[in-house]
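Here are some notes for a colleague who has not seen this structure before.

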Amino acid sequence: MSNQSDSPKRALTRDDVLDAAAAMVKKNGPRALTMRKLAAELGTAVTSIYWHVGNRESLLEALVERTVTDLGEIRAQGRTPATRIVSVTRALRAQLRGHPHLVAMVHERGLTERMFQPATQALVHEVHAAGLRGGQAADVVRSLLFQVVGFVLVERNRERAPVQYPGDESLWDAGAAEHDPALAKGLAAPPDPERLFLLSVRAMVDGLLGERPAERAH
């Protein structure tokens, strides 16, 4: 009786190649992706990789197209316009944070606006639901997109930056904080990006929509 090892090996597919390539890029960045390393990861010949996806540039293009597609639709959550808009910005931030190298590849190939289209469309819908129209609505949508992208860039830069000397804990004392010990303590502590993101976006949304904080669902 034949055992499991005697069963035929499943044929490699294009999706298998793209899955493995995306995993390599996500872990080590696009420069680490070579056809030889990819073939080794998949346990196949380099010629098989070329047969499924073409050359390396074609592979990168396929990864970009897949990333744009996979990010896909963003669904707003919440019962008020403000909470639904905030939920869209949180979803977009999570997408950008979850695929930094792939998102960078999308940007380098001039597809950033297309990648942002689902989030932009969701914001347009919610801003309309909040009663805004025309140029005012466009300004709100773009302001929120700029806030999300800028925040993520700051997060990434802080994560990749070398250890700072002196650090915040050394720079901030009661004197530097104009004799506000609580402020000094807060600035000396490590930042909480999630809390700061919500604080900044909620303040923006409340101001842009003209809503009172009490109208926001917690």
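1. A residue is called buried under 20% relative accessible area, exposed over 50%, and partly exposed in between. The model discussed here is predicted.

2. How many salt bridges does the structure hold? There are nine. In one of them Arg66 pairs with Asp19, and the closest N and O atoms are 2.7 Å apart. This pair links distant parts of the chain, since Arg66 sits in helix α4 (residues 56-71) and Asp19 in helix α1 (residues 14-28), 47 residues apart.

3. A further salt bridge runs between Glu126 and Arg84, with 2.9 Å between the closest N and O atoms. Glu126 belongs to helix α7 (residues 112-129) and Arg84 to helix α5 (residues 81-98), so this pair ties together parts that are 42 residues apart in sequence.

4. Are the two partners, Glu126 and Arg84, buried or partly exposed? Glu126 is buried, because its relative accessible area of 4% is under 20%. Arg84, at 24% relative accessibility, counts as partly exposed.

5. Arg93 forms a salt bridge with Glu155, and here the closest N and O atoms are 2.8 Å apart. Arg93 lies in helix α5, while Glu155 lies in helix α8 (residues 134-160), so the pair ties together parts that are 62 residues apart in sequence. Both Arg93 and Glu155 are buried. Salt bridges with shared partners join Arg90, Arg93, Arg97, Glu155, Glu159 and Glu194 into one network.

6. Back to helix α1, where Asp19 is found. Helix α1 has 15 residues and spans 21 Å from its first C-alpha to its last, close to the 21 Å expected at 1.5 Å a residue. Just after α1, Gly29 takes a positive phi of about 90 degrees.

7. Which residues of α1 are buried? They are Asp16, Val17, Leu18, Ala20, Ala21, Ala22, Met24 and Val25. The elements that cover these buried residues include α2 (35-42), α3 (46-53), α4 and α6 (100-108).

How values were computed
Residues are numbered from 1 along each chain as its sequence is written. This is a predicted model: local features need pLDDT of at least 70, side-chain atom pairs count only at pLDDT 80 or more; totals for chains, interfaces and linings use all residues. Side-chain values use heavy atoms; hydrogens and water are left out. A salt bridge is a side-chain nitrogen of Lys or Arg within 4 Å of a carboxyl oxygen of Asp or Glu. Helices (H or I, at least four residues) and strands (E, at least two) are DSSP runs, numbered from the N terminus. Buried means under 20% relative accessible area, exposed over 50%, partly exposed in between (1.4 Å probe, protein chains only). The expected span of a helix is 1.5 Å times one less than its number of residues. Contact means heavy atoms within 4.5 Å.
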